[in-house]
Amino acid sequence: MSYPYQIKSIEEYKQQYKKSVEQPDEFWGEIASHFKWRKKWNKVLDWEFKTPQISWFAGGQINVTENCLDRHLDTLGNKPALIWEPNNPEDFFRVLTYKELHFKVNQFAQVLLNNGVKKGDRVCIYMGMIPELSIAMLACARIGAVHSVIFGGFSAQSIADRVEDAHAEYIVTCDGAYRGAKDVALKSVIDDALVRCQFVRRVIVCTRTRIPVSMIKGRDVWWEDEIKKVETQGNPFVEPVAMEAEDPLFILYTSGSTGKPKGVVHTCGGYLVWTNYTFVNVFQYKPEEIYFCTADIGWITGHSYIVYGPLSAGATSLIFEGIPTWPDAGRFWEIVEKHKVNILYTAPTAIRSLMGHGEMFTQGHDLSSIRVLGTVGEPINLEAWNWYNKYIGNNSAPIVDTWWQTETAGILISNLAGVTPAKPTYATLPLPGVQPVLIDENGKEIESFGVSGNLCMKAPWPGILRTTWGDHERCRTTYFATYADLYFTGDGCFRDQEGNYRITGRVDDVLNVSGHRIGTAEVENAINMHEGVVESAVVGYPHDIKGQGIYAYVIYNGTHGDAEQTRNNINATVSRIIGPIAKPDKIQFVNGLPKTRSGKIMRRILRKVAENELENLGDTTTLLDPSVVDEIIQGHI
Ligand code: WT7
């Protein structure tokens, strides 16, 4: 497969960028023409941010799996599409060629049809990192069902919220999942979740760990049994459904500064074009290369850069079931050596954690296959960047620092590996089609260089979110109402003299813990559900490995036993309500929270104390009771 739209030089980047801004219709129309459409579009782009109303390739019809699978069969049929590396290095790995993956996706698409799933139905997927997860997603896309993948670390309560919000009548899960030394009982979590979701018609359970599960008569079926039925039907080819370009492809829930997580909706045409274009250009993928993204498919990084981007480009995408530190901190490097990985895409939190374990785990592994390195999820600190560059990249592999969000579907700001220059800790330059602007505290655009502001986008790119499921108004107020006619990212950002962008972190009440987005309000709600808790306030603080840690101030009037025990109990509640990823790292018990006379919590003060900046807390005179501040400082942990 060749990529006529792969940018090969800085000059070409500049020229393509200019064209994308000046003539977006011509630019994206040309790129889209390299995909397989059932029907050509009438209009490339139509948009208005105010409402928002965004449409790409309107009138066009396309099926994403036809582009990820069928169109490669003649030329790449025997090329590995997926390489699956199991949790335990002593178990066998699996390779699925494009032909085999196509076959399995057709089989499972037929399973979905046999179980009553129709175009437009929502299918919730809660599985570990096994090839069947990608197969389930692609099978949905093939028949036009809308998948909603939920990360395996979320609790029953979180699943129930999401299944209810999307009214997903179909669930695909596993008996369990392996993660390092642990195994997680996924089906049992689903059973707890579905007590609240009686409308669910079918649960399809794939075997992985063989942990005992209870199967509900009339509702639950085994993946393997359903496949056998399809085999006796003679393994039919399932015709990929021609979808409107703007039909939804999937929903992915993500946290914001208020309320429950919202279901970000991405649509077929624009999402496909954007993930493919960014994959091919940022990583500069070459046809024979092995590409390994370490993210979990339960997050947007896995959707876009394990499944849809790489497969649509005919790439070989490696899926790893386990974790970086088990059986030891050399696991990634063992995989790189074993499969001769050429492109590695991971998160700063993983790099910091492995750096902490020391170089002895990289030594002894042949990492010479590595050509390109990437990072995503949070700002990368210089120390981690240098370590990654030296010990993994041998001071020669370009590092792409890719800035983007669940809402953007794919990478918006990044250098292009080996084509445009890297600058450590900077995401650098916008991709073609991306028009960043910085906004000052008065809501005015700052046009100069060497300045910081809130990062917004002036115009849509093909992968921008279209709505939030079931609540378009929430999409408008969250992203398009802060500044008129702009998409607001929620991030703060610095622009240097050359126009390079450096993302400095969230400016809203959203935390980034190990590259996972967690809303402080959500964590507070979970803590407040614990017996004896009167009120709480949650802020982030710098954490050596996680990037940000969760610091909770809690007013507690329950039975006072051992403080440590109470902390553990509160953590257990948070785990139950959201999932273990949202557990506070520190809990400080307080008698009062710093509130203004209007009752608003002054988070600035709480943040400073959590960051251990105990002096210069700023003006506290507007507080209702300034004495609580002293108590908070005294009790700082
Ligand atoms: C937030 C989006 C993008 C997929 C993973 C996270 C932060 C992401 C970078 C980067 C600095 C980054 C931002 C963004 N972020 N990439 N390269 N440098 N910050 O997706 O959960 O939607 O979170 O992650 O704060 O807003 P997400």
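Axes here are lines fitted to C-alpha atoms, for helices over the stretch in contact, and angles run from 0 to 180 degrees between N-to-C directions. With that in hand, here are close-up views of a predicted model.

**View A. Helix 10 packs against helix 11.** Helix 10 spans residues 268–282 and helix 11 spans residues 300–312. Their axes lie 8 Å apart and meet at an angle of about 90 degrees. Angles of 65 to 115 degrees count as roughly perpendicular, and helix 10 and helix 11 are therefore roughly perpendicular to each other.

**View B. The residues where helix 10 and helix 11 touch.** Helix 10 brings Tyr-271, Leu-272, Thr-275, Asn-276, Thr-278 and Phe-279 to the contact. From helix 11 come His-303, Ser-304, Tyr-305, Tyr-308, Gly-309, Pro-310 and Ser-312.

View C. At Pro-379, a polar backbone atom is 3.4 Å from a nitrogen atom of the ligand. The ligand taken alone exposes 560 Å², and the protein buries 95% of that. Helix 11, strand 20 (399–402) and strand 26 (501–506) are the elements giving two or more residues to the shell around the ligand.

**View D. The shell of residues around the ligand.** Of the 17 residues here, Asp-401, Thr-402, Thr-406, Asp-491 and Arg-517 come nearest. The shell divides into 6 nonpolar, 6 polar and 5 charged residues.

How values were computed: Residues numbered from 1 in each chain as written. Predicted model: local features only at pLDDT ≥ 70, side-chain atom pairs only at ≥ 80, totals over all residues. Heavy atoms only, no water. Helix = DSSP H or I, 4+ residues; strand = E, 2+ residues; numbered from the N terminus. Parallel < 35°, antiparallel > 145°, perpendicular 65-115°, else oblique. Contact = heavy atoms within 4.5 Å. Near = heavy atom within 4 Å. Polar contact = N/O pair within 3.5 Å; in protein donor to acceptor, adjacent residues only side chain to side chain. Areas by Shrake-Rupley, 256 points an atom, 1.4 Å probe, with all protein chains shown as cover. Nonpolar A, V, L, I, M, F, W, Y, C, P; charged D, E, K, R; others polar.
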